[in-house]
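Morning, everyone. Please look at the model on the screen, and I will walk you through parts of it.

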Amino acid sequence: MNKIKESLLKLWNVLWRPLIAIILGLIVGAVVILIVGYNPISIYATMFQKSFFTVYYLLQSLTRSVPIIVCSLSVIAAWRAGYINLGAEGQMILGGFAATVVAVYMPGPVFLVMIAAILSGMVAGAAYALFAAFIYDKFNVSIVISTLMMNYIANYITTYFITFPLRDPSNSIAIQTREIPVAMHLPRIISNKPFNIGFFIALGLVFLMMFIVSSTKFGYESKMTGLNPVFAQYGGVKKSKVMYSTMALSGAIAACAGMLEIFGVKFRFSEGMFTSTSYAWTGLMAGLISALHPVGAFFSSIFLAGMQVGGQSIQLSTGIPVQVATLIQSTIMLFVSVHLFANFKKRRKKKDVVNLKKAGDK
Amino acid sequence: MKHITKIYGNGVLANDDMSLDLNESEILAVVGENGAGKSTIMKILYGLEQPTAGEIILRGEKKCFRTPQDAMKSGIGMVQQNFMLLPPFTVAENVVYGNEPRKNHLLFDRTKAQKEVDELSRRYGLAIDSSLIVQDCPVGLQQRCEILKVLYQNADIIIFDEPSAVLTPQEVDGLLETLRNLAKVGKSIILITHKLNEVMAVSDRCVVMRSGKHIATVKTSETNTKELSAMMVGREISDASIQPVSTGKTVLDVEHLVMHGEAGKPILKDCSLHVEEGEIVGIAGVSGNGQTELLHTITGLMHAESGSIKLNGKEIFGNDVRSIREAGCAYVPEDRNTMGCALKASLSETMLMAHQDEKEFNHNGILQHGKVTEKFNELLQEYDVKYSSLQQEAGELSGGNLQKLIVAREMSHNAKLLIISEPTRGVDIGAMEFIHNQVLAQRDAGAAVLLVSSDLSELLKLSDRVYVMYDGQINGELTRAETTSQKVGMLMMGGTLDE
Amino acid sequence: MDTNFVLTVINSALRSTTPIILAALASAICTRAGVFNVALEGQMLIGSFVGIAVNWFTHSALLSVLAAVAAGGLVGALVAVLQVKYNAADMVVGTSVNLLISALTALLLFIIWGVKGSIKDPSLVSLPKVSLPVISKIPYVSTLFNNLSPLDYLAYVIAIVLYIYLFKTVNGYHMLSVGVKREAAESMGISAIRTRIAAVIISGCLCGFGGVALSMGQVTLFTENMTAGRGYIGMAACNLGQNNPIIIILASIFFGFCDAFASTMQNSIPSQLTQSVPYIATIIALIVFGYRSKQKMKKAVKRGVA
């Protein structure tokens, strides 16, 4: 009985801070909803009902969570090693685009083309991230700025391609590529819903990331580089090797996020498909809220996705923009950031008290 | 002669009912070994710490200093070991910092500042060009700037905390001259030091501390270094009867290392040394003479420009850290917190560093947690490290325990070459003895040990041979039999053995 | 190439430069005080929005600008309290604030006007255009200074003021010292926390100013996320400008040019491509700068050794 109590207490210790952050975030959202003239409680009730509590919406949330989960993993891969990769969006766009182009235009047996598409996507995403790493290594260009700039660049350039040369001729309004062959669509779980095996692939990636982080030399070396680069160098860890490999991994994973969305849900690359939905930024939020832990990020991503789905249905029924969900989410993230360090301060104070006592005891 | 008296005593672990007094125009030396409590009592005087008990009386008035600013207002200034200077700014800007001369209330009158500082430096005989940029100045000048800063605040009482620790011998002479001049013009100086020759050279009186307690206050003219060191140490330095076990086979061979730093400043000037199997070779010297850079070059953290480094006959000059470690080198670094560990990492992770490629722990890139836990628990118990779980953060361990962990980690390599820097800095006596015994054990097992320590008694106790480093070069070499503190001290100050 | 055309481009560049200079100055003051403020984008966006909002209700350009500056300062205060006082992680605070402001402004757009996407209205007052007495008569030069608002001139004045503040005043010296060596400053009784909070709030005001220059400068409207990364380009300009307000002016003009160049090319090259020009230019500029810095370092070392 005691052991259960112990582990529950441990769980509570980890959870109560993000929980308070969530409550505070919800309060902020409630204020906004009130201003618009609606009852926050009924809005929230609808939101939660329409995100997880009916099968239809639950599936929507889970489907939407897929690119978010994978983007959060991409963020985790780089940030753990101390490399602030903000370019998940650009890497996702480029990876998704490359894979789509190969899938649509490359001739050959389906199986081979699919593999080629996946590989191209991952290589494109990895290369894009590697470029940022390279110019940091050789020219000291801040990864924060370069990856951010590269998001815009990737977005504009791919938009150009799908507006002109690679545009879908069958549709005169939509700016998009042609559809990828049916044989390459990811199998759906339930026939008429977009929920597909992509979710389980994402789950698999979560397990993979968990494994890498906890049980591989690579994960160990990147974690140590992130915690104390001097210590890592002292121990023989090669800094550039860690930087290039974590950034490449991060870019490749982000590309996977794009590919899962395209091969599983949309079946084509269309304008703004990743930017208007802000998958990458939501993934970033999920990663940060869960302090860069893959499992935490998995659940946070689903939660955030659910909020967005709920937000969308609210927008349809009341007109309140879906941004209310983003507002709540970013407020939560803000409160979490403070809490993480309020915690640290409390621990510091405890230590001082203990030391004083020791000194007093002589 | 006005009597400036300060009496205080307090009973915290650092200072145990400690009292001292200071007179006008006198230089009072406060001596003691590392950990005697000298810095603590001065921090109290300067307002950086509060006494648990006791009082400070300044010119007959009871005073309480809650912050350094309070102390400064009462005319107390302190020149600390870590300078509080702003490197990219000029000497003048640094000296007047906090009390800048103004033009029109808002603007910083830098010309006036320069004039004032030049005037100040002339008045106290501390020659310095106030337009120099601090980061371009040698350490001695930087210290001078720090002193001027204190004088600019109109300090009457100036505390110097181990001022010669970072200076070259010539600079030390300059410093002592400065101290004498300051006392002559009416300042009261407190000099914290463990260098007895300085005490004899400039102080009027001397307070000896040991383990936080006041041992004696003597007039410098009535005592000598032998007496003082006896009081400081309180015991005979045990003549450890350590038998040499060297086989004579050279493990580390360093020849003619040359390295320059920023702006071409020479850091290593033709350094050569060697270490044999089964011997402990110590490098003595005032810190800042190139010891850190020498070790970093041997371990691959830095690269020298020319020279040769051979480990067991194989050239490792210019190699990276990993290959040097693989060639058989282990390293206990000088600063355990910035280099020896990651404070937020778990104990298990901290111990895995530099072991993560070993077949026992790593099967094709996958870590074997079971083995890791088993081995590390064993190792930590063997080295008597107090910890609650391998998953706790490294930063939670006490200094001594963390050091033992790092020593355990590095020694478990049983490397042919073991390099140790400052093995017992900030470590309690019990852990100190333990670590010393471990070092001796490694040596007895045949390792070549290269030891750098600013604790001369530790160095002399453990080393079979001693090199002395001065100004980027090996100044002299002594065997255990030949070593005396006087000889080593002489070499450390830049002298030669023939003097 | 028609001279008039070139001058028009330069004129357009000058107008594009204003928000970037201000963002760069904001970044500079934070960096100089030792704070890594990533929330510049959000600080600007709130300025853009509040400027238009107040404009709608008061039809006063002056009040709009003042309100925008205040709004930016408020957001800066939020960042300051969380990041400087409570030591929250800079990337987390900055990114959250940016996302928050983006969502908030979109929501407010809906709440106030019931629209989504953007708001544009003839009743909105635009910034007065300065017409220089003598210069507006000179044929070619007048094109150069055509249609610039007071904000465009003020941006350069602010840069100079900031330079004077940092490098000529005592207060500025204290702020620089906090960024150079915090403990040295605190040892002389200067509160690093208070100085940094001030720096961040000032950066917020500067960004707010830049934001309203954006939403009321060349055009008078607000679009969701209209800052489009200018906060980050400002950071890059600050980098290139080596945190020195005077050099920042040059660096910002460079980026302003890229912006203007992209716009002018829109007729011959598809807009999707030209829009990426400023961002590509930023990266190239940083690479070149980094390359030359490294060369300088190498030469200095060589000189020392030789």
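Asn154(B) comes after helix α5(B), and its phi is positive, near 60 degrees. This is a predicted model: local features need pLDDT of at least 70, side-chain atom pairs count only at pLDDT 80 or more, and totals for chains, interfaces and linings use all residues. Residues are numbered from 1 along each chain as its sequence is written, with chains lettered from A and ligands numbered from 1 in the order in which they are written.

Now the helix itself. Helices here are DSSP runs of H or I with at least four residues, strands are runs of E with at least two, and both are numbered from the N terminus. Helix α5 of chain B covers residues 139-152.

Buried or exposed, what is α5(B) mostly? Ten of its 14 residues are buried. Buried means 20 or more other C-beta atoms within 10 Å of its own; exposed means 12 or fewer; partly exposed is in between; C-beta atoms are placed from the backbone. Among the buried ones are Cys145(B), Ile147(B) and Leu148(B).

Next, chain C. Chain C has 13 helices and two strands. Buried residues make up 54% of its 306 residues. Its C-alpha trace spans about 60 × 50 × 40 Å along the principal axes.

Last, a contact between chains. 37 residues of chain A are in contact with 40 residues of chain C (C-beta atoms, placed from the backbone, within 7 Å). On the chain A side, α13(A) gives the largest share, twelve residues.

Conventions. The expected span of a helix is 1.5 Å times one less than its number of residues. Two residues are in contact if their C-beta atoms, placed from the backbone, lie within 7 Å.
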